[in-house]
Every structure is written in C-alpha cells, then in structure tokens.
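Here is a short report on a structure with more than one part to look at. Keep the sequence and the 3D view open as you read.

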Amino acid sequence: MKYLSNIGAYFLMIKEMFNKPTKWSVMKTLILKDIDDLIINSIGIVSFISFFVGGVITIQTALNISNPLIPKYLVGFATRQSVILEFAPTFISVIMAGKVGSFITSSIGTMRVTEQIDALEVMGINSINYLVFPKLVALMLYPFVISVAIFLGIIGGMAACVVGGFSSIDDYILGIQTDFIPFHITYAFIKTFVFAFLLATIPSFFGYYMKGGALEVGKASTTSFVWTSVVIILLNYILTQMLLS
Amino acid sequence: MIQVTDIKKSFGETNVLKGISTTFDKGKTNLIIGQSGSGKTVFLKCLLGLMNPDSGTIAYNNNTYTTLNIDQKRELRSKMGMVFQGSALFDSMTILENVMFPLRMFTKLSTKEMEAKADVVLKRVNLNDAHYKFPSEASGGMQKRVAIARAIVNNPKYLFCDEPNSGLDPKTAIVIDTLINEITNEFNITTVINTHDMNSVMEIGEKILFLKDGHKAWEGTKKNIFKTDNSDVTDFVYSSKLFKKVRKMYIND
C-alpha cells in the first residue's frame, strides 16, 4: 500500500511541477545554476570514468579473443557497441544517480528540514515548480554529457588498444566504423532523455517529501539512489525490448 | 482580522486541536502560548494553510481560507509574512538577496528599486552592514532580524512568527519583541506570535491565547493575565519563582 501511495504522490508531484510557473526572470537564474551544478560539474567525473572504462572494455575484449580467425578490428567494433548501447547511457546514468541524485535529494531535503520549503509555500510560491522544474530543464542537457561519455569511452578504448598492443590504430578505427547503425545513437539518446527525467524527478521526490532531521536527509539520499537506479535498470530493459527487439 | 471558528485537527487517534475559536484583530500583536505539545504549532500551521483542519473555518477578512483552492490560497499567502523558528533563510542567497526574494517573486520592480527597498527594511531591523553576508555567517539574532525583514518587505497584511525568541539571549529577545510590536503598529498589520517566552507575554501581549491539550484554556491581555485566577494559566505563566514574585508585587500594588 505504501509503495502505491508513493507512486501516486510521485505522479501528483510531476503534475504540480507544471502548475503556477515561477516568474521567468527568476526561473532563468535557477535553470542556469542547476545547469552548472548538475551538468557542468558532472563532466569531469564522467570523462574520467568513460575514458578508463572504455579502455577496460577494449582490454577485456582483446584478451578474450583467442581465435586467430576472428579479425582484429572486432575489438574496436565491440568497444563501440558496448559504449554506445549500454555503458554511456545506462552505466553513466547509474553513476549520475549517485552523484547528481544524492545532491538533489540532500539539497531539497535540507531545505525541507530547515523549513525553507515551508517558507516558499507561505509566500505563495509553488515550491515544487520552483525547486524541481529547473532541475528537469537543466537535465535536458544530459545527452550532452552522454555524448562526451561515448566519445571519451571510444577514445579510451583506442588508447588502451594502442598502448597495450592489442591491435593497430587502423584496425581499431576500422572496427568502430564497421556495421555502424545510426539508430543505435537514436536509441542511446532516447534512453538518455528518459533517464534524465528520472534523475531529475525521483531524487527530488525523496528530498521534497522527506520527514525528520539531518539523519533522515542522509537516509533519503541513499533511498533515492537505490530507487533511481532500480527504475533506470527496469526502464532500460523495457526500452531495449521496445526499441531494439 | 482573522476569525477562527471551532477548528479541529487529529493525527490518527491523537486529537491535537479540539475545537478552537478566536479572533485576531488588525493592528494588534496576538500571542499564542501554551506548553510543548499543546497544539500551538499545529494551530499556527492551520492558520497559514500548511495544514488543513479536519473541521471548522478560518476566515481572513471574512474570506474563508479553508474553502479556497490551492491557487487562491497561494494568492492570499502572498499577503502573509512568516518568521520561522529557525529563521528559514535561503542558504544559497546573501542576506540582501533573501530580503529581496519576495519582491523578486511578486513585483515588477527593477533590481535597483528592489535593492533600495530591501536596504530600507534591513535598516529598519537595525542591520546596516550585513547585506552581503550569507545566513551561515550571521548570528542567531541577526538571522531572526533578516527573517523579519524578509517577512515585511512586501508590505504583508498578516505577520506570523513561530517562537521568534527561541535560542536568543534576553537582551536580543527584547529587541526582537519590540521590533515586531513596532512593525505591527507602524504597518497596521495583524500579527500572530507563537511563543514560550513569558517576557514576550509581559512586553507585547496585546491579546493572549492560552492553549492547553488542544483547547483554548484562556484568552485575554497582558494586563488581565496578572489578575486571572485560572489555575492552568497561573501554573504555566508563573511557574518560575521570579514570575511568582512579580505577580505578587503587581497584585499588592
């Protein structure tokens, strides 16, 4: 019953997010601040992880190909497919659920604990629109982060391939060009937009409706990370089934 | 004027408010007092519309608040100012930005005009050189004064304060009380204060509402609180030896 009630409250929150919008001059500032907090500040960690995980994918693929009949360019092909289809959109989103999600939950949760949300409501402001909507708009730039992750994942793979001597740079480049299906990029970005929506709204829900004090803010951040990850993984399965099968 | 008629509020099996009726007059400082758990905060939250009473009505100038929809409530709330117990200042904004916030949200003033208005109000609460500090850099007393400045900057018709003196030293507490009282008279607004502080009761209580176990146990002014023989009130207000002596002296005089 509690889960159903929470799901209902989540959808009511989303509906309320579009009611009585905040003045554009104020909203603009909030959106720019959230772009900085959620997008710009994530690029560093995403770049670092993408580059090295791309390298690891390449090394593991190369080490598992022992058959001399399998062409060397397959390392580049496998890296590209793994990075575009799964690693960048899904794996990075789970990491972002930890980084961005816990930031959103703890910042909104702290505002709840310190009565700042009540202060907004008492002033006659739609606090859900004021707090959640700018995060949703900012995270619509999330595909940019994923583009960086895709690019650096493939570059990381190439670096590992060349440094480790698993194949030549020409073979790797041939591999990443082989049997390229443009729809896979579309598929990756459709997933990215859906995950961006989840990353903005689920952590906000857990922050906005939390009760208690500082300890509960920490607990809400953990719960928000768990549920955002679970929903991302579930929707990843459903979207893959719908779009690729 | 705020008219409250027979409001009741329960949480599960616990009846927190058991039918309270009263009137808060315009231009007066109204105090709600009572022990912890007597229902003061719930009562204040019902007045603000942060909680809905289970039954009864709250009317602002004969406009029944409890029957308004959420948008109408927000419209009415834009005419309210609230000073929270923990000040509830926005951490990410400077003191000046905090005070300018209601103006930014509800007026079409230019930034310069907003700054000028916020500056006047900050000076009114005796904060002359804290404009660019963040709330975390301000003392408890300063934060309370900023919260008052933010509450009054958009000329509210109603001012609510939840324990404005909690955590303050006696001298600063008197400064805050005097400030709220002066602002109430100056702007002719309806002020409702939730407090435990008996100094406030004696200093600024133009009307006092005493709550006990969710009931209205007594209602009066700071003058007749000395003379009352209501044992609930005397046990609470004169619980300290000092206040007992003060009362004796007052009655003997």
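Among contacts in chain A between residues at least 6 apart in sequence, 89% join residues at least 24 apart. This value, like every other here, comes from a predicted model. For chain B, residues 24 or more positions apart account for 64% of the contacts with a separation of 6 or more.

**The two chains**

Chain A has 9 helices and 0 strands. From the N terminus on, its elements run α-α-α-α-α-α-α-α-α. Chain B has 10 helices and 10 strands. The radius of gyration of chain B is 19 Å, close to the 18 Å that the globule rule gives for 253 residues, so chain B is as compact as a globular protein of that length.

The table sets out some values for each chain.

| Chain | Residues | Buried | Span of the C-alpha trace along the principal axes |
|---|---|---|---|
| Chain A | 245 residues | 43% buried | about 70 × 40 × 35 Å |
| Chain B | 253 residues | 42% buried | about 55 × 45 × 30 Å |

**Where the chains touch**

How many residues of chain A are in contact with chain B? The count is 14 residues of chain A, and they meet 16 residues of chain B. On the chain A side, the largest share comes from helix α4 (residues 116-122), which gives 5 residues. That side of chain A divides into 5 nonpolar, 4 polar and 5 charged residues.

**The nonpolar core**

Now turn to the inside. In soluble globular proteins, nonpolar side chains tend to be buried together. The largest nonpolar core here holds 132 residues. Which of its members touch the most other members? They are B:Val99, B:Ala149 and B:Phe160. Helix α3 (residues 74-113) of chain A gives the largest share of this core, with 15 residues. Chain B takes part with both of its domains: domain 1 (2-79 + 157-252) and domain 2 (89-155) each give residues to the core, so the core lies between them.

Find B:Val99 in the view. Leaving out residues up to four places away in sequence, B:Val99 touches B:Ala118, B:Val121, B:Leu122, B:Val146, B:Ala149, B:Arg150 and B:Val153. One of these, B:Ala149, is also among the core members with the most contacts to other members.

**Two domains in chain B**

The domain assignment divides chain B into domain 1 (2-79 + 157-252) and domain 2 (89-155). Taken over C-alpha atoms, the centres of the two domains are 26 Å apart. Their contact takes 11 residues from domain 1 and 9 residues from domain 2. On the domain 1 side, helix α6 (residues 170-187) of chain B gives the most, with 6 residues. That side of domain 1 divides into 8 nonpolar, 3 polar and no charged residues.

**A sheet in chain B**

Four strands of chain B form an open sheet. Their order is β2-β1-β4-β5, and the pairing is antiparallel. Which strands stand at the edges? They are β2 (14-24) and β5 (63-64) of chain B. Each has a single partner strand, so one side of each is left without a neighbour in the sheet.

Within this sheet, strand β1 (residues 2-11) and strand β4 (residues 55-60) of chain B pair over 5 bridges in the antiparallel sense. B:Lys8 has B:Ser55 in β4(B) as its bridge partner.

**A covered helix**

Is helix α1 (residues 40-48) of chain B mostly covered or mostly uncovered? It is mostly covered, with 7 of its 9 residues buried. The buried residues are B:Lys40, B:Val42, B:Phe43, B:Leu44, B:Cys46, B:Leu47 and B:Leu48. Just after this helix, B:Gly49 takes a positive phi of about 85°.

Most residues other than glycine have a negative phi, and most peptide bonds are trans.

B:Asp6 lies in strand β1 of chain B. It counts as partly exposed because it has 13 C-beta neighbours inside 10 Å.

B:Asn126 lies in the loop between α4 (111-124) and α5 (140-152) of chain B. With 13 C-beta neighbours inside 10 Å, B:Asn126 also counts as partly exposed.

How values were computed: Residues numbered from 1 in each chain as written. Chains lettered and ligands numbered in written order. Predicted model: local features only at pLDDT ≥ 70, side-chain atom pairs only at ≥ 80, totals over all residues. Core = buried A, V, L, I, M, F, W, Y, C linked by C-beta atoms within 7 Å. Buried ≥ 20, exposed ≤ 12 C-beta atoms within 10 Å, placed from the backbone. Helix = DSSP H or I, 4+ residues; strand = E, 2+ residues; numbered from the N terminus. Domains from an automatic or database assignment. Contact = placed C-beta atoms within 7 Å. Pairing = 2+ DSSP bridges. Rg over C-alpha atoms; globule rule 2.2 N^0.38 Å. Nonpolar A, V, L, I, M, F, W, Y, C, P; charged D, E, K, R; others polar.
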